[in-house]
2 protein chains.
Amino acid sequence: MNLLVVGTVAYDSVKTPFGEEASVLGGSATYFSVAASYFTEVGVLAVVGEDFKREDLATFEKHHIDTSGLETALGGTTFHWEGEYGYDLNDPKTLKTDLNVLAEFNPRLPEACRDVPYLFLANIDPRVQLQVLDQVKAPHLVAADTMNYWIEGNREDLLKVLRRIDILTINESEARLLAQEFNLVKAARRIISWGPRTVIIKRGEYGVLEISENSIFAMPAYPLDSVRDPTGAGDSFAGGFMGFLANGHGLEPPQSVRQAILAGSVMASLNVQDFSLRRLSALTQDDIRERHRAFQQLTVVESLD
Amino acid sequence: MNLLVVGTVAYDSVKTPFGEEASVLGGSATYFSVAASYFTEVGVLAVVGEDFKREDLATFEKHHIDTSGLETALGGTTFHWEGEYGYDLNDPKTLKTDLNVLAEFNPRLPEACRDVPYLFLANIDPRVQLQVLDQVKAPHLVAADTMNYWIEGNREDLLKVLRRIDILTINESEARLLAQEFNLVKAARRIISWGPRTVIIKRGEYGVLEISENSIFAMPAYPLDSVRDPTGAGDSFAGGFMGFLANGHGLEPPQSVRQAILAGSVMASLNVQDFSLRRLSALTQDDIRERHRAFQQLTVVESLD
């Protein structure tokens, strides 16, 4: 296994102006691992309840995702999230969050996972992120995500996480909240002073911004004429990004980070074209190559001289 | 003269979280022509009142902008706009609009302007835009801007304008309003079906999106660690864009449109770093080249294979 993700495996009930789905497969570790599986060997560390369906486990198996770290809590129910998006498809209105088995999640890494070189700590309680960091041996590269709930509710542990990671992926508004600074460049620099060497700011339909000490990079999202469900876009992005890096590209030279951001953007843009993992889990390498080419054309400016 | 702009020359009173300025030089034709002047010979078609100051006229003269179309309305007062921006520096709250001389503006093109090959119809009453279109002979390329006020208040004349232009530059929310379609790709295609072959959607701090029949191009804005006043960003963009095209690059091949968008983005990003035209009117070619290089680095992804 090259890459491990700790996060959620969930059932989501999602409504957008383009449709509605009840209790479909979701969760950060799910989107991440399926996206990453197109690039590298990936494993998940997560918990589900006894209600977790065989056919949903099959989605992981189909993508050869290592589920030795996927725990089933006896008598428990899988984490459930219910949300609704407006036409702008930005931040959803959360209608319901049932933590269920997630409330008692204390991840224990299978022995085989402790040597993993690439680690992604998806958006989850910073205490859980720290527990995982304590169990891995000497990862080559660690990235993490977080959200306003932890920034406001457990800033202390979140700052401990930041000291131990290489890359933070974070939404635009949450970067501002975390840094307590409206200007994004200044916000990213402040976050970098707390630990990570790179901050990747996710801006939804506007794409991502990568800020490191000596580099600034912007990748627009691909303008699609049909977006059905943005759920999982950030985690699909992270999965493509980390999958690309774990597939032998590492963090150096700087251009490989940019290539990885391109790979992540490709996966996110494919994911949002259908509900749940319907499109993300049914991609061919040709689908990925085609979107990759479209992205490359999107921003290229040839010099005229 | 290679390029003519019809629009406003104004006095603006602007407040942002970073400062406040009362009755300083502004207006769409002002920002446009000064930005364009770094690339080509440009003239303005606009009206001011008797209060218009000698020192503000000097700003045009310094940039060798042709002011033979700048009319002074006897007994009139210059158009005045008052607005305030929040920390997000997006759409300002308009506190006051005194049309003054603008209410009676019926532009008459000096004979020497009628052969102008490149024409920009800045955001102004579509009836005025049509009057100008009726007076030019056979322009090589015409672009126009507009705003919600005209989309809602004079859609009929605006649609007549669209039939006669090559490029529309428009804010994101206004593109949606004009096309009555939330999805931007679909909105742009609908607008293209009404006349222009290219729609350039301005997204503020997120940059611009160019949509033509066979091409989609995205240029992020440069993430600056200090933005003091976004007033005039869209017009500075248009000035750099049209100035670049008028400087011998034309609209073909597609790459020159992308280069022009880059030039426009450079001018907008320099303009927002200070109030009024303080920075825009004091640039050196080195300032422009340096920002141009920074922009080129911002989006480049080298292939790893």
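Modeller: A salt bridge here is a side-chain nitrogen of Lys or Arg within 4 Å of a carboxyl oxygen of Asp or Glu. This is a predicted model, where local features need pLDDT of at least 70, side-chain atom pairs count only at pLDDT 80 or more, and totals for chains, interfaces and linings use all residues. Residues are numbered from 1 along each chain as its sequence is written, chains are lettered from A and ligands numbered from 1 in the order in which they are written, and side-chain values use heavy atoms, with hydrogens and water left out.

Helices (H or I, at least four residues) and strands (E, at least two) are DSSP runs, numbered from the N terminus.

Now the count. Chain B and chain A share six salt bridges. The whole structure, over all chains, has 40.

Next, the interface. Each chain gives 38 residues to the contact, where contact means heavy atoms within 4.5 Å. The size of an interface is often given as the accessible area lost when the parts come together. Chain B and chain A bury about 3300 Å² between them, and 58% of that is on carbon and sulfur atoms. Buried area is the accessible area (1.4 Å probe) that two parts lose on being put together, summed over both.

Polar contacts come next: 14 residue pairs between chain B and chain A, both at pLDDT 80 or more. Such a contact is a pair of N or O atoms within 3.5 Å; within protein, one must be able to donate a hydrogen and the other to accept it, and residues adjacent in sequence count only if both atoms are side-chain atoms.

On the chain B side that touches chain A, elements giving two or more residues include helix H6 (172-179), helix H8 (233-249) and helix H9 (254-271) of chain B. H9(B) gives the most, with five residues. By class, that side has 19 nonpolar, nine polar and 10 charged residues. Ala, Val, Leu, Ile, Met, Phe, Trp, Tyr, Cys and Pro count as nonpolar, Asp, Glu, Lys and Arg as charged, and the others, Gly among them, as polar.

Now the sheets. In chain A, four strands form an open sheet in the order S3-S2-S6-S7, with mixed pairing. Strand S3 (19-26) and strand S7 (93-98) of chain A are at the edges with a single partner strand each, so one side of each has no neighbour in the sheet. Two strands pair if DSSP finds at least two bridges between them. Strand S2 (residues 10-16) of chain A runs parallel to S6(A), joined by five bridges. There, A:Lys15 stands opposite A:Glu84. Strand S6 (residues 80-84) of chain A runs antiparallel to S7(A), also joined by five bridges. A:Gly83 faces A:Thr94 in S7(A), and A:Trp81 faces A:Thr97.

Chain B has an open sheet of four strands too, ordered S3-S2-S6-S7 with mixed pairing. Its edge strands are S3 (19-26) and S7 (93-98) of chain B. B:His80 has B:Asp98 in S7(B) as its bridge partner.
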